[in-house]
Each structure stands twice: as structure tokens, then as C-alpha cells.
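Please look at the sequence and the structure shown below, and keep them in view while reading the points that follow.

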Amino acid sequence: MIRLSAFADEISRDPVEQLDVLTEHGIRHIEFRSIHGMNVLDLGDAQHAEFRALLRARGFALSAIGSPVGKIKITEPFEPHLQRIEKAMELADYYACPRIRIFSYYMPPGEDPAPYRDEVMKRMSALARLATDRGVALFLENEKGIFGDTAARVLDILETIDSPSLGHAFDPANYLEVGQPIDEAWDLLRSRVTHFHVKDYDTKLRKNVPAGAGEGQIPRLISDAVAHGFDGFCVLEPHLVLAEASYGFTGPERFGDAARALKSALDEKGVVYG
């Protein structure tokens, strides 16, 4: 059975409204990226204590810490960035959620990523070692403009690092945005997918759409993943109103459309979810 989750900050900045809307749609997990308009890694101790108490009181848990680790330029210093992953790992312990979403560094615009490969691998290897030492799973998300924006380069990272602590958070819309054929990406990476971001994309309209309404083949991919033993989270990240480099927004009403579309698609495929 797969478990449904969501980037709840796509609903609202207010954590109470986030949980109210998720409860309405039967979703009990959150990919924790932000509350009150502040990134998860920038919140203070009191804010984390209040949010954790709210989650526990309402019967919620986290699917992952939706960190921005790896969303800096590859030419920026790495050492200060290590403090960010350390903070993310502390929060993974704090929320009893040993799972963190990460990225693989922005490339200089217009430049060939190849000269930066060694530095990417050095950094990803360091993150994977830290995760192994702490008993944390890292989910590498594909993203436009970073080294791992195509399936081939994502696979290169995963095979080179070769760590049980590093898997792939598959985002169909992000692949479509860079012109990556979904079938090709899925065939290359299916065995490496440990997390699934539910974001669909219409290449003709050049915008995000509810699951099943675009070219991301989301119902088929999730069904295929389950048939091959996938036992993880499918995380709604609709981006139906706003899609920025570090943030997306959908709003309460459009989020309802996204949740219903995903559930309908999974029901049609006979995929059991909870």
C-alpha cells in the first residue's frame, strides 16, 4: 500500500489551515517544507515545538523533511552548506522522520554540466556518508537547472554514490519541463525510486495540471511502481497556481482538485492507498 502525503504549504502558510484541509481530504502525512512562510530549516526551536505538538494532537506525521539542501550553486562553498544538512538531520530525529529530500546543485546557466560532475559527486558522497552515519534516508529530487535534471544524470549520481541511504524522489513534471521523455526516465530509474512527487505538467500549455491531466503518466507510473514492490510515499506537490524555483502554491480549493484527481486516478488503477 502506498501512503499519501502533501507539501502542505501549497495550501496555506497557516499550519492549522494546512491540517484542516489535509484532514478534509483524508491525508495524514506532510512533506515539511515551510510554515508561516519560513523554510523548515530556518524556523526557531519554539516554532518547531509548537508544530510538532500540533501534528501529534491532530494525528499527523511527516513523510520527509522537505529540505532545500543542494539548492545552491555548485560554485558556492560547500562547507557552510553542511550546516544545513546537519540541521535537517537534527529535525529528522526531532520529528521521528528519518527521511530528507535533497537536490544536486545548480549549474551555471548555459554551461555544460560535465566539468562540474566531480564536485557534484564529492558533495553528494559526503551527504550520503552523513546520512548513513545518522540512519537517515535521502531522497534526491530531479529539478530544472541542477546537475540531476535529466534521468541519465540522476542515474549517474545514484550509481556513482552507490549508497543505500540515497534514493530517488521521482518528479514527472520536473522531467517534462526539461524535455525528458517520461518513459525513458521511468525505465532508467524505476528500481531506484524510493519517493514519488505527484506533480503533472502539460507541455503545450507549459503549466502544471492535476495528476492525470498532463503528460506525466502519473497513474501508470504509480501502478507500475506498486506492482514492482514500491512501498513508500506519494506526495502531492501540485503547483497549480504558482511554481517558483523554491516554492509552489495551490491554495485550499485547487488543492482539493489535485487530491481528488490523484485519488480518482489511483482508484481507476486499483492502487490501494492510505
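In this predicted model, Phe-32 stands opposite Ile-65 in strand E5. The two strands concerned are E2, which covers residues 29-32, and E5, and they run parallel, joined by 4 bridges.

**Strands**

- Strand E5, made of residues 61-65, is mostly covered, since 4 of its 5 residues are buried.
- Another pairing joins strand E6 (residues 99-102) to strand E7 through 4 bridges, and these two strands also run parallel.
- Within that pairing, Arg-99 is the residue that stands opposite Ala-137 in E7.
- Strand E7 spans residues 137-141, and because 4 of its 5 residues are buried, E7 is largely enclosed by the rest of the structure.
- As a general point, the side chains of a regular strand alternate between the two faces of the sheet.

**Helices**

- Two packed helices are described by the angle between their axes and by the distance between those axes.
- Here, helix H1 (residues 15-24) packs with helix H2 (residues 45-58) at an angle of about 25 degrees, and their axes are 11 Å apart.
- Angles under 35 degrees count as roughly parallel, and H1 and H2 are therefore roughly parallel to each other.
- The crossing that H1 makes with H2 is right-handed.
- On the H1 side, the contact is made by Pro-15, Val-16, Leu-19, Asp-20 and Thr-23, while H2 contributes Phe-51, Leu-54, Leu-55 and Arg-58.
- Sorted by class, the residues in this contact of H1 with H2 are 6 nonpolar, 1 polar and 2 charged.

Note on methods. Residues are numbered from 1 along each chain as its sequence is written. This is a predicted model: local features need pLDDT of at least 70, side-chain atom pairs count only at pLDDT 80 or more; totals for chains, interfaces and linings use all residues. Side-chain values use heavy atoms; hydrogens and water are left out. Axes are lines fitted to C-alpha atoms, for helices over the stretch in contact, and angles run from 0 to 180 degrees between N-to-C directions. Angles under 35 degrees count as roughly parallel, over 145 as roughly antiparallel, 65 to 115 as roughly perpendicular and the rest as oblique. A crossing is left-handed if the near helix is turned anticlockwise from the far one by less than a right angle, and right-handed if clockwise. Contact means heavy atoms within 4.5 Å. Ala, Val, Leu, Ile, Met, Phe, Trp, Tyr, Cys and Pro count as nonpolar, Asp, Glu, Lys and Arg as charged, and the others, Gly among them, as polar. Buried means under 20% relative accessible area, exposed over 50%, partly exposed in between (1.4 Å probe, protein chains only). Two strands pair if DSSP finds at least two bridges between them.
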